[in-house]
Amino acid sequence: MNHEPLSDSLIERQVSDAWDRVIAWLRRHAPASHAALGPGATAAAVDALEEDLGIRIPPVLRALWSLTAGDDGVDGAGCLPGNQALMPLHAVAGFYRRQMAAQVHQDTLNARRPEDDRVTVWAAVWIPVASHGPADRTSGLYLDASTGYLGRWSRYNEGPDDELDTLTTYLEDVADMLEAPALATRDRPGLVGGALVWGSRLDPAREDRWRPLAG
C-alpha cells in the first residue's frame with residue numbers, strides 16, 4: 001500500500017475545492033456571511049507571519065489563507081460550525097504570542113510541580129486558525145504543524161473533540177453539512193436572514209428568526 005505524503009499541489013487543490021464549495025453555498029444562500037469573509041492573504045504576508053511565529057506554516061494552511069484570511073462575522077457569529085470564525089493573520093500572531101508567553105509562565109511553575117500536574121497552555125507548533133467568534137478568543141481551533149491535525153483550545157479547559165481532523169477533512173465536512181444538512185452530525189446549519197448561523201450556539205435573542213436548513 002502506498003503511503004507517500006501528498007504533494008503540496010494536491011493539498012492546495014483539495015483545500016481549494018472544499019473551501020470553494022463553502023464559498024459557493026454562502027454566496028447563494030447566506031450573502032451576509034459571504035460578505036463578512038476577508039480576502040486571501042498574499043504569500044508575502046504569510047511568509048512574514050511564518051517569520052514572526054518562528055515555525056513553518058503548513059501548505060494546507062497557506063492554501064486556505066490564500067483564499068480567505070479572516071472572517072468579520074455577522075452579529076458576532078462566524079461561518080464555521082459552532083459559529084466560529086477564521087482568525088485574520090494579525091490576530092493569529094497576537095494570540096500565538098500571548099499563549100506562548102502564558103506557557104513560559106507555566107513552565108516556571110511546572111519546574112516545581114510533579115510531572116503529572118504540569119500544565120500545557122500552548123505548544124510552539126500550534127497555529128491558531130479559528131476562534132469562538134470574530135472578537136472572542138475564549139476557545140477555538142489550532143493546527144498542529146507537527147502532525148497536521150486540528151486541536152481545540154479553551155480557556156475553560158473543555159475536553160478535546162472525539163475525533164481528529166485534518167484541516168482538509170474539516171473543511172470538506174463543513175461543505176458537506178451545508179450541501180446536505182439532513183446528514184449533518186456535528187452541528188445543524190440554519191439561517192437568520194442572510195446570515196449562516198449554526199444551531200449549537202444559537203443566541204436566544206435570534207432563536208425565533210432562525211430557520212434550520214432542510215434537505
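Visitor: Which residue forms a salt bridge with Arg186?

Guide: In this predicted model, the closest N and O atoms of the pair are 2.6 Å apart. The two partners belong to distant parts of the chain, 21 residues apart, with Arg186 in the loop between α6 and β5 (189–192) and its partner in the loop between β4 (150–154) and α6. The residue that pairs with Arg186 is Asp165.

Visitor: How many residues apart are Asp75 and Arg206?

Guide: Asp75 and Arg206 form a salt bridge in which the closest N and O atoms are 3.8 Å apart. Asp75 lies in the loop between α4 and β1 (85–86), whereas Arg206 lies in the loop between β6 (195–198) and β7 (211–212), so that the pair links distant parts of the chain, the separation being 131 residues.

Visitor: Which is buried and which is exposed, Asp75 or Arg206?

Guide: Asp75 has a relative accessible area of 65%, and is therefore exposed, since that word applies over 50%.

Visitor: Which helices hold Arg97 and Asp52?

Guide: The side chains of Arg97 and Asp52 meet in a salt bridge, with 2.7 Å from N to O. Arg97 is partly exposed at a relative accessible area of 45%, and Asp52 also counts as partly exposed, at 42% relative accessibility. The two are 45 residues apart, and the helices that hold them are α5 (residues 89–110) for Arg97 and α3 (residues 43–53) for Asp52.

Visitor: At what angle do the axes of α4 and α6 cross?

Guide: Helix α4 (residues 59–67) and helix α6 (residues 167–179) have axes that come within 10 Å of each other. Their crossing makes α4 oblique to α6, and the angle is roughly 40 degrees.

Visitor: How many nonpolar residues are in the contact of α4 with α6?

Guide: From α4 the contact is made by Val60, Leu61 and Leu64, and from α6 by Leu167, Thr168 and Leu171. Sorted by class, the contact has no charged residues and one polar residue, while the number of nonpolar residues is five.

Visitor: Which residues are linked with Arg21 in a network of salt bridges?

Guide: The whole structure has eight salt bridges. In the network that includes Arg21, the linked residues are Asp176 and Glu179.

Conventions: Residues numbered from 1 in each chain as written. Predicted model: local features only at pLDDT ≥ 70, side-chain atom pairs only at ≥ 80, totals over all residues. Heavy atoms only, no water. Axes fitted to C-alpha atoms, helices over the stretch in contact; angles between N-to-C directions. Helix = DSSP H or I, 4+ residues; strand = E, 2+ residues; numbered from the N terminus. Parallel < 35°, antiparallel > 145°, perpendicular 65-115°, else oblique. Contact = heavy atoms within 4.5 Å. Nonpolar A, V, L, I, M, F, W, Y, C, P; charged D, E, K, R; others polar. Salt bridge = Lys/Arg side-chain N within 4 Å of Asp/Glu carboxyl O. Buried < 20%, exposed > 50% of the residue type's maximum accessible area, 1.4 Å probe, protein only.
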